[in-house]
Amino acid sequence: MPIPRRALVAAAVALVLPLSACGSGDDGGGSTDASGKVEGDITFQTWNLRANFKPYFEGVIADFEKKYPGTHVKWIDQPAEGYADKISADAAGGTLPDVVNVSPDLVAPLAKAGLALDLDKSAAKYKKEYLDGAWASHQIPGMTGTYAFPWYLNTGPLFYNKSLFKKAGLDASKPPTTYDELFADALQLAKKSKGKVATLANVPTVEDFGRYGVELMNKEGTGFAFNDAKGVELLTKYKELYDAKALDPQALTATPESSGKKFLTEAVAMNPGSALDLGNFKKQAPNLYKDIGITDQITSTGKVNMYVMGVMVNSRTKHTPAAVAFAHYVTDAQNQMSFAKKVAIFPSTAGSLDDPYFTKEDGTDETRVRIAAAKSLKNAVNYTPVLFSEQMKTALRNEVAKALQGKESPKEALDNAVKACDRLLQQQG
């Protein structure tokens with residue numbers, strides 16, 4: 001039950017800050033020393049954020065330029081589609097931005113190629129300002145160093161439809177809290193509705209295997225391991241759900257958006273989400289909103305999944321002090337708190353989650369979700385391995401689909417997925 005990436009994207013999220021050619025070049029680039037004077041022109045590129053957050057980012061840039069009069073920040077905004085491809089093309093063409101907003105999986109190949117500045121060497125003085133887990137999120141297995149400033153985090157609860165639970169004879173005040181309870185309730189919901197109501201709308205992803213307690217990768221970061229007995233057990237359970245129509249028949253091709261629509265139209269009884277979704281429920285499905293139940297993510301590890309975004313500095317920038325200063329400025333406590341109040345995301349800075357905004361109840365569901373999420377983030381884990389690329393996600397999804405359709409056994413499917421992902425891992429270098 002992944003929390004859709006849209007919880008980040010819709011939230012403002014999946015942004016990125018590439019910079020154009022001004023920050024790089026084929027001459028091998030600049031110095032890794034960030035201690036010099038903060039000056040020069042840098043480019044700041046975001047990912048589909050201008051439409052909703054133009055005043056915020058213009059304000060951050062203006063304040064930075066005022067603080068450092070010798071600087072100029074050029075802001076470029078890219079459309080959401082194809083962002084990873086854009087980063088790859090810029091890296092290959094020597095036009096990678098000075099400062100790049102990345103997710104951990106995007107920073108990994110850049111770090112391996114020597115294009116991401118090691119902050120443990122160049123900006124270690126800032127480390128104490130961030131949550132330990134957030135700072136560690138852009139470290140790469142098999143490498144030493146940290147390759148991006150942590151930016152915003154996200155997580156969220158499971159929403160469930162109380163009315164559908166009641167119709168199936170389940171206690172709507174006691175949603176499932178373990179995987180065994182989830183699978184049992186899902187089978188009962190499907191049986192009582194004669195297959196018309198599924199409980200889940202998504203096939204398991206790598207983060208679901210992680211939340212189930214599966215060892216995803218070896219410690220050295222040289223191979224994947226989610227085809228162990230526990231991994232096979234989880235996929236076997238999902239196969240049972242799929243056969244009983246307790247997993248939506250369209251789950252094999254579902255997107256976060258399509259899964260959300262299934263929940264809105266009450267064809268699915270549970271769906272992950274964030275505080276952002278409550279407003280949508282209220283507007284688009286007021287009857288559903290009245291019956292919304294809110295419960296914690298289900299996990300066998302005691303730690304929920306979190307999404308992490310970061311801000312990377314191009315190691316070849318010609319203005320290292322300015323690029324590091326700006327990346328830090330965007331991600332400092334004051335600017336993260338300001339951003340978090342504009343969109344349903346959470347700051348990665350130490351102490352910020354203790355702010356009353358994240359701890360004080362006011363009787364609304366939105367605040368209840370925000371407070372619960374903030375509390376869970378203090379020990380949350382980014383289950384998706386840093387080295388798990390988009391191609392690997394596709395490989396796993398394809399094999400999971402074969403298992404659910406009965407074309408392969410769960411064991412065969414996961415063995416094949418691990419082989420495919422290991423092959424892709426070797427190609428990464």
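The model is predicted, so local features need pLDDT of at least 70 and side-chain atom pairs count only at pLDDT 80 or more, while totals for chains, interfaces and linings use all residues. Residues are numbered from 1 along each chain as its sequence is written, and side-chain values use heavy atoms, leaving out hydrogens and water.

Let's begin with a sheet. Three strands make an open sheet in the order β6-β5-β7, with antiparallel pairing. Strands here are DSSP runs of E with at least two residues, helices are runs of H or I with at least four residues, and both are numbered from the N terminus. Two strands pair if DSSP finds at least two bridges between them. Both β6 (270–272) and β7 (292–295) stand at the edges with a single partner strand each, so one side of each has no neighbour in the sheet. From one strand to the next, the twist averages 25 degrees.

Now the pairings themselves. Strand β5 (residues 158–161) is joined to β6 by 3 bridges, and phenylalanine 159 stands opposite asparagine 271 of β6. To β7, β5 is joined by 4 bridges, with leucine 158 opposite threonine 295.

What covers the faces of β7? Buried means under 20% relative accessible area, exposed means over 50%, and partly exposed lies in between, using a 1.4 Å probe and protein chains only.

Helix α11 (residues 256–264) packs on this sheet and touches β5, β6 and β7, its direction making about 140 degrees with that of β6. Contact means heavy atoms within 4.5 Å. Angles are taken between N-to-C directions and run from 0 to 180 degrees, with axes fitted as lines to C-alpha atoms, for helices over the stretch in contact. Within α11, Ser259, Gly260, Lys262, Phe263 and Leu264 are buried; the buried residues of α11 pack against partners including α12 (275–284) and α13 (286–290). After α11 comes glutamate 266, with a positive phi near 65 degrees.

Next stop, strand β4 (residues 149–154). Here 6 of the 6 residues are buried, so β4 is largely enclosed by the rest of the structure. Antiparallel to β4 runs strand β8 (residues 307–313), joined by 4 bridges, and proline 150 has glycine 310 as its bridge partner there. Strand β9 (residues 346–347) is also antiparallel to β4, with 2 bridges, and leucine 153 stands opposite phenylalanine 346.

Finally, a helix pair. How do α2 (residues 50–67) and α14 (residues 320–330) pack? Their angle is about 135 degrees and their axes are 11 Å apart. That makes α2 oblique to α14; angles under 35 degrees count as roughly parallel, over 145 as roughly antiparallel, 65 to 115 as roughly perpendicular and the rest as oblique. Val60, Ile61, Asp63, Phe64 and Lys67 of α2 meet Ala322, Ala325, Phe326, Tyr329 and Val330 of α14. The contact divides into 8 nonpolar, no polar and 2 charged residues. Nonpolar covers Ala, Val, Leu, Ile, Met, Phe, Trp, Tyr, Cys and Pro, charged covers Asp, Glu, Lys and Arg, and the others, Gly among them, count as polar.
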